[in-house]
Amino acid sequence: MADYIIAAASTADLPREFFEEHGVPLISYSFMMDGKSYEDDCREETREKIYKQMRQGAVLTTSMINVYTYYEFFKKLMDSGKDVLFLDMSKEMSHSYAAAGEAAEKIRKEYPNRRFYQMDTRCISGGLGLLLIHLVRLRDEGKSFGETVAWAEANKLRIIHRFTVDNLNYLKRGGRVSNASALVGSLLSIKPVLYVSDEGKLVVASKVRGRKAALLAILNRMKEDLVSPDGQEVHILHADCLADAEFMRDQVLNTFPTVKKVVITSLGVVIGAHCGPGLFTIFYFGDKRRP
């Protein structure tokens, strides 16, 4: 049994069963909908229900995890007697990263002879989940704490994130596009194709006209990125757009016949709250990140 713990936040967007089956402690973000507070429980049925409510007009807001909550979570892990590696989404995407860092500093002072590593993963959503899957495999293969951390730091920027959204109003609300751009884009059915940069930021790579064109633009980008498809697991996450996810799964398997499998799951509600129903995302390992 490993002498360290890999812990993560709910923003890894993996199914709840993964955390439970692989012994990965989970700290959950929360969100508000129609005046009520909910926990991001990583359950598929919760995600499906929330996106259907959003399509009916429900508005979601998310909140950062505070220092005290992180501290209590971290302290419980350290009290187990093991070192800890903690993963959350890119610090460029969440103010919670700073709160976790403050809690981590307190923990290190209280446990000076132990190791607590908070990684800036430069990943979000399924990209973070893909990183977590590989680190759990390394742990289970008997790799040491240092070896696992070193592999993560050496390979995290090889995880490619590509997105497209269906409704520009969600990006407008988050300040990523202007009111005018959102209006014109909606009228002309303009769909942005986005990616996560080396800095861990969500960036618009291009804009195309029409949903299918956006999906095919992502597939074309994959032809540049996916230089070693043999045996890879590609992960697709979607916010209530299963037909698009299945279309892209078939396209990926036809284009890259040596890919091991394509896994489809629903997107976590924290990212979905900011990008809206219809968000399509795909994650895989490439040689490097590029627009």
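Which residue in S9 is the bridge partner of Thr-164? Select Val-193 and you have the partner.

Before going on, a word on what's loaded: it's a predicted model, where local features need pLDDT of at least 70, side-chain atom pairs count only at pLDDT 80 or more, and totals for chains, interfaces and linings use all residues. Numbering runs from 1 along each chain as its sequence is written, and side-chain values use heavy atoms, with hydrogens and water left out.

Now colour strand S8 (residues 159-164) and strand S9 (residues 190-196): they pair in the antiparallel sense over three bridges. Strands (E, at least two residues) and helices (H or I, at least four) are DSSP runs, numbered from the N terminus, and two strands pair if DSSP finds at least two bridges between them.

Stay on S9. Six of its seven residues are buried, so S9 is largely enclosed by the rest of the structure; buried means under 20% relative accessible area (1.4 Å probe, protein chains only).

S9 and S10 pair in the antiparallel sense over seven bridges, and Val-196 stands opposite Leu-202 in S10. Click through the five residues between these strands in their hairpin, and you'll find Gly-200 with a positive phi near 85°.

Zoom out to the open sheet: six strands, mixed pairing, in the order S10-S9-S8-S13-S11-S12. Its edge strands, S10 (202-209) and S12 (261-266), each pair on one side only.

Last stop: show helix H9 (residues 211-225), which packs on the sheet and touches S8, S9, S10 and strand S13 (280-285). Contact here means heavy atoms within 4.5 Å.

Technical notes
Axes are lines fitted to C-alpha atoms, for helices over the stretch in contact, and angles run from 0 to 180 degrees between N-to-C directions. Buried means under 20% relative accessible area, exposed over 50%, partly exposed in between (1.4 Å probe, protein chains only).
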